[in-house]
Amino acid sequence: MGRPTAAERARTIAYGVAGGGLVAPGVQYSPVAAHVTDDAGRSLLLIPAESGIVSALSGEFDLPATLRISDVAPLPLADRIRGQVWLHGWLTELPREERRAAALLLAGLHPCPELLDLAEPAPAWTVLALEVGEVEISDGWSDGTVQPEEYAAARPDPFVAVEGGMLAHLDACHPGELAALLRGRLVPGVPAPAVRPLGLDRHGMWLRCLPATGPDGAVPEPFDVRVEFPGPVADLPGLRRAYRRLLAVGSDLRG
């Protein structure tokens, strides 16, 4: 069965789409306005210049901190948290000459007006860099740790930035075909659950299954099912071919 490695999954969650917050000794929890991961795995964080965590860095070369990132399903579902990553490491404030490049990288995912402020003489925002020394991950695959070298060498899933749009399309236009993919996995005599797409990556899809209310009025717990592509895909044309092939199978099963 194809699956992304723990390091790849951690890099995908940390890519910058999912929201995050910073924790440091003696500093109140700090939400992060925007963040992105560079090629080496370093997290770049857009933070108000007046925040407590920036004040704690004043006069210090670096500051031990943890960036907690929660991967939330893009569709409106109950229990939308698909996974979490904790990046433990050391914070530094980027020097002014490096902030333009960081702002351009951040703007690729988060074209927010706060980034324009970084060019001002006395900016209200700044960019912190987190050098990662330890990684923890908890998701639908497993709980565990990732060595910083593995994390730095891994690459995020190629569809992390477009996953939300893909899932919205599948949810709106192909619910019947998605439900049909469960054929052969259901208990005979039990009503088929409603099915919604939960996640998508280069190896396959996660489906959230919502069982029907029982005759006694009880509502069974939702459960998730993994559907694999025939092989890993690397680009959008390959992804479209892979999921259309799956949907065609689902359409045949419906008939």
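Guide: A disulfide here is a pair of cysteine sulfur atoms within 2.5 Å. Please keep in mind throughout that this is a predicted model.

Visitor: With that cut-off, how many disulfides does a search of the whole structure find?

Guide: The sulfur of Cys-173 has its closest cysteine sulfur in Cys-209, at 20 Å, which is too far for a bond. Cys-173 itself counts as partly exposed, with a relative accessibility of 47%. Over the whole structure, the number of disulfides found is 0.

Visitor: Which element of the protein chain has the lowest mean pLDDT?

Guide: The chain as a whole averages a pLDDT of 89, and 93% of its residues score at least 70. Among its elements, the highest mean, 97, belongs to helix 1, whereas the lowest, 75, belongs to residues 236-254, that is, to helix 7.

Visitor: Which element gives the most to the lining of the largest pocket?

Guide: The largest pocket has a volume of about 640 Å³, and of the 31 residues that line this pocket, the closest to its centre are Asp-71, Arg-82, Glu-163, Gly-199 and Trp-206. Elements that each supply at least two lining residues include helix 1 (6-13), helix 5 (163-173), strand 5 (63-72) and strand 6 (81-93). The element that gives the most, with 4 residues, is strand 9.

Visitor: How many charged residues are in the lining of the second largest pocket?

Guide: About 220 Å³ of space lies in this second largest pocket, and its lining includes Leu-104, Leu-115, Leu-116 and Leu-118 as well as Arg-96, Arg-99 and Arg-100. For the largest pocket, the lining divides into 15 nonpolar, 5 polar and 11 charged residues. For the second largest pocket, the lining has 7 nonpolar residues and no polar ones, and the number of charged residues is 3.

Visitor: Which residue in strand 8 is the bridge partner of Glu-136?

Guide: Strand 7 and strand 8 (residues 143-146) run antiparallel and are joined by 4 bridges. The two strands form a hairpin with 3 residues between them. Within this pairing, the partner of Glu-136 is Thr-145.

Visitor: Is Asp-79 buried or exposed?

Guide: Asp-79 lies in the loop between strand 5 and strand 6. Most residues other than glycine have a negative phi, yet Asp-79, which is not a glycine, has a positive phi of about 55 degrees. Its relative accessible area is 59%, and over 50% counts as exposed, so Asp-79 is exposed.

Visitor: What distance separates the C-alpha atoms of Pro-31 and Gly-20?

Guide: Pro-31 is found in strand 2 (residues 27-31), and with a relative accessible area of 57% Pro-31 is exposed. Pro-31 and Gly-20 are 11 residues apart along the chain, and the separation of their C-alpha atoms is 6.4 Å.

Technical notes. Residues numbered from 1 in each chain as written. Predicted model: local features only at pLDDT ≥ 70, side-chain atom pairs only at ≥ 80, totals over all residues. Heavy atoms only, no water. 1 Å grid on protein atoms, 1.4 Å probe; cavity = no way out; pocket = protein on both sides within 12 Å on 5 of 7 lines; lining within 4 Å. Points joined across faces, edges and corners; volume = space filled by probe spheres on them. Nonpolar A, V, L, I, M, F, W, Y, C, P; charged D, E, K, R; others polar. Pairing = 2+ DSSP bridges. Buried < 20%, exposed > 50% of the residue type's maximum accessible area, 1.4 Å probe, protein only. pLDDT = per-residue confidence, 0-100.
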